[in-house]
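Keep the viewer open as you read.

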Amino acid sequence: MAQDLPNLVDAHVVTPTMQALTTTPSTHPPRILLLYGSLRERSYSRFLALEAERLLRHFGAETRVFDPHGLPLPDGVPADHPKVQELRALSLWSEGQVWVSPERHGAMTAVMKAQIDWIPLAEGAVRPTQGRTLAVMQVSGGSQSFNAVNQMRVLGRWMRMVTIPNQSSVAKAYEEFDESGRMRPSAYYDRVVDVMEELVKFTLLTRDVSGHLTDRYSERKEAAEALAARAGLASI
């Protein structure tokens, strides 16, 4: 044990190296799940999610869009509800995610938060979001704001996701989409292109080493201590 680090347990220390981050890249398309936060028939967050999906496919990704219609409130039904199981399965399938929410009363919508709340931090030994990349975007009915994307960044960190630096906030969304729901050319559209391009880059960069990137000293130490305690009980 290093003399200047008396609290460090050497047996559980893994020194980061470039070798540990070098692996044979996967060749399948990046798998991206898109969530949106509105149930309205003319939903600008859905329009933005679908615009993002088109871009992701252009950049070579495989995509799925979750429809939140019929998803119950968190804890309102058992977790075996079909919509909950669909959402959790898609989260496990994904290697990256896009969260798109309207801003309502200065915050993300309840529809958006309910989807995130139904995805557990851990389910047995499986973590449905840890290590996955995340892009956050929002639409606003008025001037540009960043409340919803800032909140989703906090949640992404809590869900142990790799949230990319870029983001998009579309102001006066009703002016930015045509009658068919397609986004008009603008600086807002260009930023959406930037965000999706960056998401694919970060997903390709991290997906094969996400297990190593999210491996933690504290959890290795805790797991070893739990195993030792079980072994001690078994010997009694």
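**From A20 to the cores**

A20 is partly exposed, with a relative accessible area of 34%. The classes are these: buried is under 20% relative accessible area, exposed is over 50%, and partly exposed lies in between, with a 1.4 Å probe and protein chains only. This is a predicted model, where local features need pLDDT of at least 70, side-chain atom pairs count only at pLDDT 80 or more, and totals for chains, interfaces and linings use all residues. Residues are numbered from 1 along each chain as its sequence is written, and side-chain values use heavy atoms, leaving out hydrogens and water.

A20 sits in the segment before β1 (31–36). Helices (H or I, at least four residues) and strands (E, at least two) are DSSP runs, numbered from the N terminus. V162 is 142 residues from A20 along the chain, and their C-alpha atoms are separated by 18 Å.

Now the rings. Rings of Phe, Tyr and Trp (its six-membered ring) pair if their centres lie within 6.5 Å; planes under 30 degrees apart are stacked, over 60 edge-to-face, and the rest tilted. The count by this rule is three aromatic pairs. Y44 and F47 have ring centres 5.9 Å apart and planes at 80 degrees, so they pair edge-to-face. Both belong to helix α1 (residues 44–58), and being three residues apart there separates them by about one helical turn.

F47 is buried, with a relative accessible area of 9%. What is the geometry of the rings of F47 and F177? Their centres are 5.8 Å apart and their planes meet at 45 degrees, so this pair is tilted. F47 lies in helix α1 and F177 in the loop between β7 (168–170) and α5 (187–206), so the pair ties together parts that are 130 residues apart in sequence. F177 is buried, as is F47. Ring pairs join Y44, F47 and F177 in a cluster.

Next, the cores. A nonpolar core is a set of buried Ala, Val, Leu, Ile, Met, Phe, Trp, Tyr and Cys residues joined through side-chain atoms within 4.5 Å. The largest has 26 residues, and L48, L56, V98, M137 and M196 have the most contacts inside it. At least two residues each come from β1, α1, β3 (96–104), β5 (133–139) and α5. Helix α1 gives the most, with seven residues.

L48 has contacts (heavy atoms within 4.5 Å) with residues including V100, M137, V170, F177 and V192, not counting residues up to four places away in sequence. A second, separate core of 21 residues includes L33, L90, L134 and V136.
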